[in-house]
Amino acid sequence: MSELISYDDTIDTAYDIFLEMAPDNLEAVDVILFTAQFEERGAAELVETGDDWEQHVGFSVDKETYAEVRVGLVNEENDVLDDVFARLLVSRDPDNKFCHILWKRD
């Protein structure tokens, strides 16, 4: 197995994928909101990989190989990412590229 991609590069990759796919997967109002507020409140952050991914992807998720990145807007009052537009499960193995996204649903 290859050396795993760094967490910083994993976040960058997840964010690039999010930007590419957001217009087709989010409500137009959410795309406008995210774009307008990103400079001040936007964030892409690594979080502990959720235990619910197996039910979404159909295989056991190795938390060393896969990372969860959340993209959204941070609440300025408590500095918490509370408006999540997407949860991304990204493989850190450069030989096994994989990404699964759970998009915000109203």
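## Basis of the description

Two strands are said to pair if DSSP finds at least two bridges between them, and the strands (E, at least two residues) and helices (H or I, at least four residues) are themselves DSSP runs, numbered from the N terminus. The model is predicted, and local features need pLDDT of at least 70, side-chain atom pairs count only at pLDDT 80 or more, and totals for chains, interfaces and linings use all residues. Residues are numbered from 1 along each chain as its sequence is written, and side-chain values use heavy atoms, with hydrogens and water left out.

## The sheet

Four strands form an open sheet in the order β1-β2-β3-β4, with antiparallel pairing. Its edge strands, each pairing on one side only, are β1 (42-47) and β4 (99-103). From one strand to the next, the twist averages 25 degrees.

Strand β2 is joined to strand β3 (residues 80-91) by 10 bridges, the two running antiparallel; N75 has V80, in β3, as its bridge partner. Helix α2 (residues 28-41) packs on the sheet and touches β1, β2 and β3, where contact means heavy atoms within 4.5 Å. The direction of α2 makes about 85 degrees with that of β2, given that axes are lines fitted to C-alpha atoms, for helices over the stretch in contact, and that angles run from 0 to 180 degrees between N-to-C directions.

E68 lies in strand β2 (residues 66-75) and counts as buried because its relative accessibility is 0%, the classes being buried under 20% relative accessible area, exposed over 50% and partly exposed in between (1.4 Å probe, protein chains only). Leaving aside residues up to four places away in sequence, E68 touches E45, L46, V47, E48, T49, G50, W53, R87 and L88.

The side chain of E68 makes a polar contact with the side chain of W53 at 2.8 Å. Such a contact is a pair of N or O atoms within 3.5 Å; within protein, one must be able to donate a hydrogen and the other to accept it, and residues adjacent in sequence count only if both atoms are side-chain atoms.
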